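Subject: Structure handover

Hello,

Here is the structure I promised to pass on. Please open it first, then read my notes beside it.

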Amino acid sequence: MQEHTMSKMTELLQIMQRLRHPEHGCPWDKAQTMASIAPFTQEEVYELIEAIEVDDMDGLCDELGDLLFHIVFYAQMAQEQGLFDFGDIVNRACEKLKRRHPHIFSAEGRATTESVRQDWERIKQQERLERHEASEAGAHYLDGISKAQPALLRALRLQKRAAAVGFDWQGPEAVLDKVEEELGELREERRDADDTQRLFDEIGDLLFAVINCARHLEVDPEQALRAANRKFETRFNYIEDQLGSQQGDLQSASLDEMEALWQEAKARKEKMP
């Protein structure tokens, strides 16, 4: 099994080299850069997550292959520039996993779930400090949280990082009060001002507070929002289907008609086992 896997990995690397060959490679693949591929990589990650959410294991296998291909693509481009190669990527991953699991790869012997989590965070923080010390630029505690990830996820990462050093709300109730405060400020701005920038700021503050609330309630805000999106889509599709069965459509239906069907969709879901 291991021999077969290594053989296939070698074949994948060779395919990527052929696709990027300066003379005989694929015109599209040769034209790509790390920056041009990045949006496609992000899309592949979302498709992978969707396959998990709908329990499509065959689709998950395909999506993992697509993501692996992207990793090989980046490795090939980096190798062409003399930066690093696929072996370097694998080596760093191996070293990082061994370093972050001292309870497995050293004699420390700590193996409770909480101690593993604490070790992981402690080691990651040490790695960040070491990177900062090697950098000429000024280092900050929140450095290293990618600005390219979706804003909701980045807000959650920022909050968790700050909470690790004690900068946090004292429980869910305090955060709920903050959510209500931010909602009140948004209402005030809407009534008293036409300043779109201030409304923009208040919306951002409200969203940030709601994410904080979810964190304190131990609810993953990204997954909660994805579930809300699916729920909205299902209910809205029900409205469209019911209107179609009545020889109607979304454009000609009144808001009252659509609201009645929305309530039907909600009740139908609640009755399902």
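Below is what I found, starting with the whole chain and moving on to single residues.

**The chain as a whole**

Please keep in mind that this is a predicted model. The chain has 273 residues, and buried residues make up 26% of them. Its secondary structure comes to 12 helices and 0 strands. Read along the sequence, the pattern is therefore one α after another: α-α-α-α-α-α-α-α-α-α-α-α. The accessible surface is about 19,500 Å². Carbon and sulfur atoms hold 55% of that area.

**Salt bridges**

How many salt bridges does the structure hold? The count is 10. I picked out a few of them.

Start with Glu53 and Arg230. Their side chains meet in a salt bridge, at 3.1 Å from N to O. Glu53 lies in helix H3 and Arg230 in helix H11, so this pair ties together parts that are 177 residues apart in sequence. Helix H3 covers residues 34–53, and helix H11 covers residues 221–245. Glu53 is partly exposed, at 28% relative accessibility. Arg230 is partly exposed too, with a relative accessible area of 38%. The pair also belongs to a network of salt bridges, which links Glu53, Glu222, Arg226 and Arg230.

Next, look at Lys178 in helix H9, which spans residues 172–192. Lys178 forms a salt bridge with Glu181, and the closest N and O atoms are 3.3 Å apart. Lys178 and Glu181 are 3 residues apart in helix H9, so about one helical turn separates them. The side chain of Lys178 also meets that of Glu182 in a salt bridge, at 3.1 Å from N to O. Lys178 and Glu182 are 4 residues apart in helix H9, again about one turn.

Are these residues buried or exposed? Lys178 is partly exposed, at 21% relative accessibility. Glu181 is partly exposed, with a relative accessible area of 39%. Glu182 has 5% relative accessibility, which is under 20%, so it counts as buried.

Where does the surface carry a patch of negative charge? Asp55, Asp56, Asp58, Asp62 and Asp66 gather in one. Two of these residues are worth a visit.

Asp55 is found in the loop between H3 and H4. Its phi is positive, about 60 degrees, although Asp55 is not a glycine. At 59% relative accessibility, Asp55 counts as exposed.

Asp56 is in that loop as well, between helix H3 and helix H4 (57–80). Asp56 is partly exposed, with a relative accessible area of 35%.

**Thr41 in helix H3**

Thr41 lies in helix H3. Its relative accessibility is 14%, under the 20% limit, so Thr41 counts as buried. What does Thr41 touch, leaving aside neighbours within four places in sequence? Its contacts are Leu67, His70 and Tyr74.

Asn237 lies in helix H11. Asn237 is partly exposed, at 33% relative accessibility. Asn237 and Ala265 are 28 residues apart in sequence. In space, their C-alpha atoms are 9.3 Å apart.

Move on to Gln247. Gln247 lies in the loop between helix H11 and helix H12 (255–271). Gln247 has a positive phi of about 65 degrees although it is not a glycine. Its relative accessible area is 74%, over the 50% limit, so Gln247 counts as exposed.

**Where to look first**

Then go to Asp55, in the loop between H3 and H4. Finish at Gln247, in the loop between helix H11 and helix H12.

Best wishes

Terms used:
Residues are numbered from 1 along each chain as its sequence is written. This is a predicted model: local features need pLDDT of at least 70, side-chain atom pairs count only at pLDDT 80 or more; totals for chains, interfaces and linings use all residues. Side-chain values use heavy atoms; hydrogens and water are left out. Patches are made of residues with over 30% relative accessible area and no salt bridge: like charges are joined within 9 Å, nonpolar side chains (Val, Leu, Ile, Met, Phe, Trp, Tyr) within 5 Å. Accessible areas come from the Shrake-Rupley method with a 1.4 Å probe; for residues, only the protein chains shown count as cover. A salt bridge is a side-chain nitrogen of Lys or Arg within 4 Å of a carboxyl oxygen of Asp or Glu. Lys and Arg count as positive and Asp and Glu as negative; His and the chain ends are not counted. The place of a charge is taken as NZ of Lys, CZ of Arg, CG of Asp or CD of Glu. Helices (H or I, at least four residues) and strands (E, at least two) are DSSP runs, numbered from the N terminus. Buried means under 20% relative accessible area, exposed over 50%, partly exposed in between (1.4 Å probe, protein chains only). Contact means heavy atoms within 4.5 Å.
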